[in-house]
Amino acid sequence: MSTEHTVRSFDEELKTLVKTVLRMGGLAEAQLANAVQALVRRDSDLAGRVVSSDGRIDAIEQEINDFAIRMLALRQPMADDLRGIVGALKISSDLERIGDYASNVGKRTLVLNQLAPVKPVTTIPTMARLVQDMVKDTLDAYVERDLDKAVMAWSRDDEVDELYTSLFRELVTYMMEDPRTITACTHLMFIAKNIERIGDHATNIAETVHYLVSGNPLRAARPKGSGQGEFGDTLDDIQEQNR
């Protein structure tokens, strides 16, 4: 009876851990949706709420870390159970970064709203919808332990990269045609890069789910669009310095 109780108690803890990860994922999804809505509508109030809400995601990540470490120390899990705990830690780390990037979109939107609007860029909302679907599908795959859904979400990262490349070229064209748009277009480039990076973290989550369910890494070549080479890397470097 004691062993049965211990196993049942541990199972409940694992369920609690998964539920907490999903709660964090829901907040990260909402942050991204609100950030893009704020951008499209030029809504500074909503953008400000996105920025100020980032701390909630950080707090849940810390809650997951503390809970998972306690489980590792007290339960000393093996095999599937160990992968479940480590997987939750890895996914929560990716969700925290997704929240950071959504917050960055909010910050850039606040600046953009102080500038004259540039020619409408429809690619950003399109990218964002695709990335939102990736995040949602990877989280669904996590709770459902669905390998196929994880792989399908993982494979869409290439499409995100291609949209980013298309948008990059479009913004460069605007800046060449009218130098007055350079400041606004630069902020839009950073926003697009943030959304592209969220897609990368959704891909990370899909890989974690694959390993969590199968016990094997996803061995296919990771999708990678043409990107923007050194300039895209520079955008990442600047963002990290300004975190």
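Biologist: Why is Arg83 called buried?
Modeller: Buried means under 20% relative accessible area, exposed over 50% and partly exposed in between, using a 1.4 Å probe and protein chains only. Arg83 comes to 18%, so it counts as buried. Keep in mind that this is a predicted model, where local features need pLDDT of at least 70 and side-chain atom pairs count only at pLDDT 80 or more, while totals for chains, interfaces and linings use all residues. Residues are numbered from 1 along each chain as its sequence is written, and side-chain values use heavy atoms, with hydrogens and water left out.

Biologist: And what makes Glu29 partly exposed?
Modeller: Its relative accessible area is 25%, so Glu29 falls in the middle class. This residue sits in helix H1 (residues 2-41). Beyond its neighbours within four places in sequence, Glu29 is in contact (heavy atoms within 4.5 Å) with Gln132, Val135, Lys136 and Leu139.

Biologist: Back to Arg83, then. With which side chain does the side chain of Arg83 make a polar contact?
Modeller: With that of Asp80, at 2.6 Å. A polar contact is a pair of N or O atoms within 3.5 Å; within protein, one must be able to donate a hydrogen and the other to accept it, and residues adjacent in sequence count only if both atoms are side-chain atoms. The Arg83 side chain also reaches the backbone oxygen of Leu212 at 3.3 Å. Leaving out residues up to four places away in sequence, Arg83 touches Tyr211, Leu212, Val213 and Gly215.

Biologist: Which helix holds Arg83?
Modeller: Helix H4 (residues 79-112). Helices are DSSP runs of H or I with at least four residues, strands are E runs of at least two, and both are numbered from the N terminus. The protein chain has nine helices and zero strands.

Biologist: How do H2 and H4 cross?
Modeller: Their axes come within 8 Å and cross at roughly 145°. Axes are lines fitted to C-alpha atoms, for helices over the stretch in contact, and angles run from 0 to 180 degrees between N-to-C directions. Residues of H2 including Ser44, Ala47 and Gly48 meet residues of H4, among them Ala102, Ser103 and Gly106.

Biologist: Where in the protein chain is confidence lowest, and where highest?
Modeller: Helix H9 (residues 229-241) is lowest, at a mean of 54, and helix H2 (residues 44-52) is highest, at 97. These values are pLDDT, the predictor's confidence in each residue from 0 to 100. Where pLDDT is low, the predicted coordinates should not be read in detail. Over the protein chain, the mean is 88, and 86% of residues reach 70 or more.
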